[in-house]
Amino acid sequence: MDKMNEPILEVKNLRVSFKTYNGKVQAVRGVDFHLNKGETLAIVGESGSGKSVTTKAILGILSKNAIIEEGEILYQGKDLTKFKEKDFYDIRGKEISLIFQDPLSALNPIMKIGKQITEALILKEKMSKQEAKKRALELMKTVGIPQPEVRFNQYPFQFSGGMRQRIVIAIALASNAKIMICDEPTTALDVTIQAKILDEIKEIKEKNDLSVIFITHDLGVVANMADRICVMYAGKIVEVGTSEEIFYSPAHPYTWALLSSMPDLETKDELFSIPGTPPNMIFPPKGDAFAERNQYALEVDFEQEPPFFKLSDTHYAATWLLHPNAPKVEMPDILKNRIARLRREEAESIG
Amino acid sequence: MVRYIINRLIALLITLFIIISIAFCVVRLMPGSVYEMGGDLSQTVIDALNAKYHFNEPIIKQYGYYLENIFFHWDWGNSAKIRPNVPVFEILRDRIPITLEINLISLFGAIPIGMVAGILAAIKKNTIVDHIISFMVVVFISIPSFIFATCLQYFFGFKTGSFPIIYDVSATGTARYASMVLPILALAFDPIARVARYLRAELAETMNSEFMLLAKTKGLTYAQSTVRHGLRNSMVPLANIIIPMFANVLGGSLVVETIFSIPGMGGLMVDSINSSDHMLTVAILVFYSLISLITILIVDLSYGIIDPRVRMGGKK
């Protein structure tokens with residue numbers, strides 16, 4: 001775990017907004033995080049929290065009306081926010097690759113699967129057709145596609161959803177990227193396939209020594225995947241910590257709410273749901289963006305944004321509740337009970 | 001695939017048969033008969049002619065004779081007024097080539113030009129280039145081809161004299177093609193605009209699709225991803241509008257041929273209707289229908305070439 005402290009990618013105070021007819025939508029409002037070499041970093045948050053926008057900014061594939069207001073994305077000492085479209089041609093695929101949310105629409109419907117995997121190799125790496133094909137067949141085997149020789153010459157409509165997602169992963173792996181960004185890779189798939197794809201991503205990550213950014217709204221998916229977790233809300237990171245810290249000692253009320261609204265096999269009462277809706281990002285609230293929906297909100301939450309409070313070397317949370325002068329607030333019972341139960345089960349399984 | 005083509009050909013023949021039947025009846029039901037009093041024909045001659053061509057019998061019987069002649073003798077009847085006693089089939093054979101030549105050249109010349117314009121407009125969407133192209137598209141679609149024909153005649157034929165004002169029947173070689181330039185141009189504006197407008201919309205939509213994003217994240221350049229992924233996908237629906245477009249060009253050609261006095265099908269159709277030359281009218285209608293049917297067939301078959309989902313759909 002020691003070699004992990006070498007950041008391969010750093011995002012510093014990134015702010016991205018979108019120009020729309022109604023005004024400027026501030027999708028990402030000052031995000032800081034780093035990705036260590038060989039680790040899996042999960043970014044968790046509900047729809048519209050800015051997680052996808054952040055990763056699109058990393059690859060320079062934001063839509064045309066997006067503006068990077070300020071901030072840096074450092075990769076190999078270079079600031080990707082300063083990159084022109086042309087400079088990204090050498091980053092995308094080769095250094096950083098992306099797995100899409102919806103495998104059903106991510107593949108070109110009228111191009112053979114094989115060609116879609118090999119085209120980047122032939123066009124960019126100047127491989128010969130035979131070489132590229134050999135590599136593609138290997139990749140298809142790696143991601144678990146039976147009969148790759150037959151499948152190579154088929155079209156996407158002849159593949160099931162899970163198979164297509166495997167192809168998308170194979171494409172992402174083709175050029176030996178060092179960082180793989182998975183943007184909700186299993187959302188469009190059914191649960192049994194989900195588990196398989198997640199296992200495969202995990203396995204491939206180990207084998208190819210990849211660093212992975214894993215974006216999801218589903219904490220359950222993250223639990224087995226991530227080394228560290230960033231929780232995002234309304235364009236900001238509200239809590240960051242190791243997987244263990246986020247699941248066993250969450251500190252931000254939003255993380256509490258997310259965890260309490262996650263069902264598990266022992267859930268007997270009605271499942272918790274977070275009241276209200278996320279704020280309008282054209283006019284982001286003045287204080288803590290979550291204050292409106294937060295049953296533990298303090299008065300100061302509506303006035304002033306909370307800074308990050310350090311809980312450990314790896315664990316930070318942005319909530320006034322951690323201020324020394326704040327009243328003592330306990331996490332909700334449902335969560336406390338669950339954590340206690342998990343701890344107990346873990347102790348039993350070890351013992 | 002072969003079976004599919006055979007199926008389609010049979011369907012085409014059935015459709016054509018229905019069209020012949022309807023055309024025959026409708027034309028025969030027009031007021032006035034082929035041979036009328038008042039000309040230099042006496043009543044006796046008219047009666048004799050009517051008897052010869054069975055015009056004095058019930059329409060259903062006439063229809064029977066008509067089909068019999070076509071199927072067993074490949075005889076589409078004789079022209080009565082335009083070129084008396086010349087077989088209709090022969091008249092068409094003289095007239096069809098020039099019409100097809102002009103229409104096909106203008107259509108197939110228009111498609112690539114329209115595509116280039118459409119692609120430009122799509123990738124430069126909402127810039128000045130796009131606005132200019134979109135403006136031209138509106139102008140070209142809304143102004144009918146005969147207006148362009150007269151304008152072209154005036155500016156390039158009369159004012160500058162760069163091209164002949166009317167089609168030169170006797171000319172051969174380059175001179176013949178020079179005299180075809182203006183009518184071809186006049187007919188091409190509309191299809192150019194249609195293709196451009198359609199491709200702009202299709203390509204702009206395809207460019208926003210997920211698989212274009214994937215192509216981009218693979219590291220393909222803008223040009224590579226546009227050509228390899230964007231274009232071909234927007235071609236699929238484009239094939240669909242070729243059918244109405246060809247019918248449109250043929251329709252415009254009816255008038256444009258008259259303006260440039262081209263001895264093609266367009267003028268012939270109007271003339272034959274006006275002079276109640278029924279046999280000729282039916283044959284021309286059948287010709288136009290056959291052209292449309294063949295266009296539809298070609299477009300449907302081309303789907304299979306462009307889109308694998310259609311090609312592979314049949315075999316499981």
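**Exercise 1. Find the helix that holds Ser243(A), and decide whether this residue is buried or exposed.**

Step 1: Ser243(A) belongs to helix 10 of chain A, residues 243-248. Helices here are DSSP runs of H or I with at least four residues, strands are runs of E with at least two, and both are numbered from the N terminus.

Step 2: The relative accessibility of Ser243(A) is 10%, so it counts as buried. The classes are buried under 20% relative accessible area, exposed over 50%, and partly exposed in between (1.4 Å probe, protein chains only).

Step 3: Now look for its partners, with contact meaning heavy atoms within 4.5 Å. Beyond neighbours within four places in sequence, Ser243(A) touches Ala223(A), Ala226(A), Asp227(A), Arg228(A) and Ile229(A).

A word on the model: it is predicted, local features need pLDDT of at least 70, side-chain atom pairs count only at pLDDT 80 or more, and totals for chains, interfaces and linings use all residues. Residues are numbered from 1 along each chain as its sequence is written, chains are lettered from A and ligands numbered from 1 in the order in which they are written, and side-chain values use heavy atoms, leaving out hydrogens and water.

**Exercise 2. Describe the fold of chain A as a whole.**

Step 1: Count the elements: chain A has 13 helices and 12 strands.

Step 2: Chain A is as compact as a globular protein of its length, because its radius of gyration is 21 Å, close to the 20 Å that the globule rule gives for 351 residues. That radius is taken over C-alpha atoms, and the rule is 2.2 Å times the number of residues to the power 0.38.

Step 3: Check the interior: 54% of the 351 residues of chain A count as buried.

**Exercise 3. Work out how chain B meets chain A.**

Step 1: Start with the contacts, which join 23 residues of chain B to 28 residues of chain A.

Step 2: Next comes the area: the two chains bury about 2,500 Å² between them, with 63% of it on carbon and sulfur atoms. Buried area is the accessible area (1.4 Å probe) that two parts lose on being put together, summed over both. Leu214(B), Thr217(B) and Lys218(B) supply 25% of the area that chain B buries against chain A, more than any other three residues.

Step 3: Finish with charge. There are two salt bridges between chain B and chain A, each a side-chain nitrogen of Lys or Arg within 4 Å of a carboxyl oxygen of Asp or Glu. Arg228(B) and Glu119(A) form a salt bridge through their side chains, at 2.6 Å from N to O.
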